[in-house]
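Visitor: I'd like to look at a protein with you and ask how you know what you say about it. Could you show me one?

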Amino acid sequence: MTEPTPAPDEPTNKRRFSRRALFGATGAGVVVAAAGGVTAAKLADDDSSSSSNVVAFRGTRQAGIITEAQDRLHFASFDVITDSRDDLIDMLQRWTAAAERMTTGAETVDGGAVDHGEYNPPADTGEALGLDASSLTLTIGFGPGLFGPSASDPNRPDRFGIANRKPAALKDLPAFAKDAIEPSRSYGDICVQACANDPQVAVHAIRNLARMGFGVVSVRWSQLGFGRTSTTTVSQQTPRNMFGFKDGTANIRAEQTDVVNRWVWVDPADNADPAQWMTGGSYLVARRIRMDIEPWDRANLSEQEAIVGRTKGAGAPLGMTREDDTPDFAVATADGPMIARDAHVRLAHPDNLNGIQILRRGYNFTDGSDGFGHLDAGLFFIAYCRDPDKQFVPMQKQLASKDAMMEYLTHNGSALFACPPGLKAGEWWGQHLFT
Ligand SMILES: C=CC1=C(C)c2cc3[nH]c(cc4nc(cc5[nH]c(cc1n2)c(C)c5CCC(=O)O)C(CCC(=O)O)=C4C)c(C)c3C=C
Ligand SMILES: [Fe+2]
């Protein structure tokens, strides 16, 4: 594979690290692999966004939350299949080292694909050799079932002695109106969200973590996403969802520090002492939402726009012309409000939800067709929030019962994970939960 040629408008400070370049350079001692550390990454900061192709793995926050949303997703939810706390910790340590390397464009271990002897299975599966880091971020979260009983599995024992460390906010989401949740696409003990600008890099990362976890975890479900449906920084263009509408316009942006602190990061006051490991982290809500594409495609444009509450072309609130115009829910027409009472954006707007906000970070998906000639397509909705019970739950309750868009949606996957804060040098995933 050839090294990608930098685009002419690429910043001159842009750093490119490819697995092939590192592969060739390790002999010269360029890469510092001790404790999984690789010197090349941009130094971490609160934002973790990077203008280069390497996003810092370590920092105050985990990367992949307010990081500028990448184009591709591979999300995996794992069941822990061992009762051994030591084995789980050992795997988390090995995962951390490999994850840190992969986010720099390196293999899981030095020379993993081809240098570990012809009679051993390769320690890296190799499909990302020659590809650069592609802004890969790997974000870990822990599900309610890891701590013992949960609503989805009430008989789970506390296998790892961490029941008292469970944050109050970490509980399975309630059932919402019209939910059609499939357990085989839902829940899980540990999640890893892999986001990258190259799908092969994201898939390689999840595949290798799954391979390394053999005997300790098994993949419960996973989801690929092919196009972001959010903007998380002010410089990003708003993408479109599978209904053809701009999605992400009114999202929280990384630069809105006060808003992010209020609605995304867990505060010390949110938890008692045993759950302080979550301070500075965030809760990840995942919902697989099937979109009924074919009936939608037969709805006329004005009906589609009335359901969303924005125009399809510009993405402007109805009654306005520009995407960044502020919606005015008071404007009336002869037939009622300009933005209908059951329009999606009216119901999801903070003015109609006691000020509540969430950070959306979802992806379009298409998993082929369903055997009846319909696309199995939709939105893999991901949201980050400080307290799902006070943010996502009331928002989704309102949408599930009143939103006109629900006629075209089926929520068939659901999960909640607690994503701890970022790692300092030498720390490993889950360290402050298990020690
Ligand atoms: C519970 C939260 C939300 C779910 C679930 C959800 C599903 C969903 N949304 C769209 C399409 C659009 N959503 C838009 C705005 C919007 N959506 C939510 C929340 C949920 N959406 C919020 C908080 C907002 C912002 C509201 C506001 O403050 O104005 C938009 C408009 C553009 C935008 O602001 O992003 C679209 C379009 C789909 C298709 C969908 C499920 C498949
Ligand atoms: Fe929405």
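Guide: Here come some questions and answers about this structure, which is a predicted model.

Visitor: Let's get an overview. How many helices and strands are there in the protein chain?

Guide: The protein chain has 9 helices and 12 strands. It has 435 residues, and buried residues make up 49% of them. Look at contacts between residues at least 6 apart in sequence: 71% of them join residues at least 24 apart.

Visitor: What makes alanine 196 buried?

Guide: Count its neighbours. Alanine 196 has 30 C-beta neighbours inside 10 Å, and 20 or more is enough to be called buried, so alanine 196 counts as buried. You'll find alanine 196 in strand β3, residues 190-196.

Visitor: Which residues does alanine 196 touch, not counting those up to four places away in sequence?

Guide: Alanine 196 touches Gln70, Arg72, Ser134, Ser135, Leu136, Val201 and Ala202. Here's another pairing to look at: alanine 196 and alanine 69 are 127 residues apart in sequence, with 8.5 Å from C-alpha to C-alpha.

Visitor: Ser134 was on that list. Is serine 134 buried or exposed?

Guide: Serine 134 has 27 C-beta neighbours inside 10 Å. The cut-off for buried is 20 or more, so serine 134 counts as buried. Serine 134 sits in the loop between α2 and β2, and has a positive phi of about 55 degrees although it is not a glycine.

Visitor: And asparagine 354, why is that one called exposed?

Guide: Asparagine 354 has 8 other C-beta atoms within 10 Å. Exposed means 12 or fewer, so asparagine 354 is exposed. Asparagine 354 has a positive phi too, of about 50 degrees, although it is not a glycine. Look for asparagine 354 in the loop between α7 and β9 (359-360).

Visitor: Why is arginine 240 called partly exposed?

Guide: Arginine 240 has 16 C-beta neighbours inside 10 Å. Buried needs 20 or more and exposed needs 12 or fewer, with partly exposed in between, so arginine 240 counts as partly exposed. Arginine 240 is in the loop between β5 (227-228) and α4 (257-263). Not counting residues up to four places away in sequence, arginine 240 touches Phe245, Lys246 and Asp247. The C-alpha atoms of arginine 240 and asparagine 364 are separated by 8.8 Å, and these residues are 124 apart along the chain.

Visitor: What about aspartate 153, and where is it found?

Guide: Aspartate 153 is in the loop between β2 and β3. With 16 C-beta neighbours inside 10 Å, aspartate 153 counts as partly exposed. Aspartate 153 and isoleucine 140 are 13 residues apart in sequence, and 21 Å apart in space from C-alpha to C-alpha.

Visitor: How do you know that helix α2 reaches close to its expected span?

Guide: Helix α2 covers residues 85-102, which is 18 residues, and at 1.5 Å a residue you'd expect 26 Å. From first C-alpha to last, α2 reaches 25 Å, which is close to that value. Buried residues of α2 include Leu88, Met91, Leu92 and Trp95. Among what covers the buried residues of α2 are β1 (72-80) and α3 (199-212).

Visitor: Which residues touch the most other members of the largest nonpolar core?

Guide: Ala202 and Cys385 do, in a core of 105 residues. Leaving aside neighbours within four places in sequence, the contacts of cysteine 385 include Trp263, Val264, Tyr283 and Phe392.

Visitor: Which residues are closest to ligand 1?

Guide: The closest are Phe245, Thr249, Ala250, Ala348 and Leu379, and 28 residues surround ligand 1. By class, this shell has 16 nonpolar, 8 polar and 4 charged residues. Helix α8 supplies the largest share, 4 residues.

Visitor: Which domains does UniProt place on the chain?

Guide: An unreviewed UniProt entry places "Dyp-type peroxidase N-terminal" at residues 62-226. That span is 19% helix and 19% strand, and its end C-alpha atoms lie 22 Å apart. UniProt, again in an unreviewed entry, places "Dyp-type peroxidase C-terminal" at residues 238-422. Over residues 238-422 the chain is 20% helix and 24% strand, with 27 Å between the end C-alpha atoms.

Technical notes. Residues are numbered from 1 along each chain as its sequence is written. Chains are lettered from A and ligands numbered from 1 in the order in which they are written. This is a predicted model: local features need pLDDT of at least 70, side-chain atom pairs count only at pLDDT 80 or more; totals for chains, interfaces and linings use all residues. A residue is near a molecule or strand if its C-beta atom, placed from the backbone, lies within 6 Å of it. Helices (H or I, at least four residues) and strands (E, at least two) are DSSP runs, numbered from the N terminus. Ala, Val, Leu, Ile, Met, Phe, Trp, Tyr, Cys and Pro count as nonpolar, Asp, Glu, Lys and Arg as charged, and the others, Gly among them, as polar. UniProt positions are given in the numbering used here, feature names are shortened, and annotations may be inferred rather than shown by experiment. The expected span of a helix is 1.5 Å times one less than its number of residues. Two residues are in contact if their C-beta atoms, placed from the backbone, lie within 7 Å. A nonpolar core is a set of buried Ala, Val, Leu, Ile, Met, Phe, Trp, Tyr and Cys residues joined through C-beta atoms within 7 Å.
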